[in-house]
Amino acid sequence: MEKITIQSPYDMHLHLRDENMLKLVGPLSSQTFAGAIIMPNLVPPVDTKEAVVAYKRRIQEACGDDDFNPLMTLFF
């Protein structure tokens, strides 16, 4: 049987939350995955371009220097 190794996996459905939970889960995710589709279940909801940009910035800050690509979604 041939072995397949995934070099840069993406999490296709990730809830990072915010504040302390983001600071905990963000680095754990960015150490394991190259990126993720982010589900922004926050209060208040991430429902404007400005809120998405601000949340992405917080995610990138929480992940530090890890090469992690958060693909942002918008709450409808």
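The chain has 2 helices and 3 strands, where helices (H or I, at least four residues) and strands (E, at least two) are DSSP runs numbered from the N terminus. From the N terminus on, these elements follow the order β-α-β-α-β. The model is a predicted one, in which local features need pLDDT of at least 70 and side-chain atom pairs count only at pLDDT 80 or more, while totals for chains, interfaces and linings use all residues. Residues are numbered from 1 along each chain as its sequence is written, and side-chain values use heavy atoms, with hydrogens and water left out.

The C-alpha trace spans about 50 × 25 × 15 Å along its principal axes. Of the 76 residues in the chain, 29% are buried. Here buried means under 20% relative accessible area, exposed means over 50%, and partly exposed lies in between (1.4 Å probe, protein chains only).

The strand pairing comes next. Strand β2 (residues 35-38) pairs with strand β3 (residues 69-72) in the parallel sense, over 4 bridges; two strands pair if DSSP finds at least two bridges between them. Within this pairing, Ile37 has Leu71 as its bridge partner in β3.

Together with Tyr10 and Met12, Leu71 forms a nonpolar patch with about 290 Å² of accessible area in total. Patches are made of residues with over 30% relative accessible area and no salt bridge; like charges are joined within 9 Å, and nonpolar side chains (Val, Leu, Ile, Met, Phe, Trp, Tyr) within 5 Å. The accessible areas come from the Shrake-Rupley method with a 1.4 Å probe, and for residues only the protein chains shown count as cover. Leu71 counts as partly exposed because its relative accessibility is 35%.

The interior can be described through its nonpolar core, a set of buried Ala, Val, Leu, Ile, Met, Phe, Trp, Tyr and Cys residues joined through side-chain atoms within 4.5 Å. The largest such core has 13 residues, and those with the most contacts inside it are Leu14, Leu16, Leu22, Ile38, Tyr55, Ile59 and Phe68. β2 and α2 each supply at least two residues of this core. Helix α2 gives the largest share, 5 residues.

The structure holds 1 salt bridge, defined as a side-chain nitrogen of Lys or Arg within 4 Å of a carboxyl oxygen of Asp or Glu. Its partners are Arg58 and Asp18, whose closest N and O atoms are 2.9 Å apart. The pair links distant parts of the chain, with Arg58 in helix α2 and Asp18 in the loop between β1 (10-14) and α1 (19-32), 40 residues apart. Arg58 counts as partly exposed at 31% relative accessibility, and Asp18 is partly exposed with a relative accessible area of 23%.

Some backbone details lie around the loops. Arg17, in the loop between β1 and α1, has a positive phi of about 60° although it is not a glycine. Arg17 is partly exposed, since its relative accessible area is 37%. Glu19 is another residue other than glycine with a positive phi, near 55°. Glu19 is found in helix α1 and counts as exposed because its relative accessibility is 62%. A cis peptide bond joins Val43 and Pro44, with omega about 0°; Pro44 is found in the loop between β2 and α2.

Two pairs of residues give distances across the fold. Ser30 lies in helix α1 and is buried, with a relative accessible area of 6%. The C-alpha atoms of Ser30 and Cys63 are separated by 6.0 Å, while the two residues are 33 residues apart along the chain. Lys3 counts as exposed at 73% relative accessibility. Between the C-alpha atoms of Lys3 and Phe33, 30 residues apart along the chain, the separation is 20 Å.
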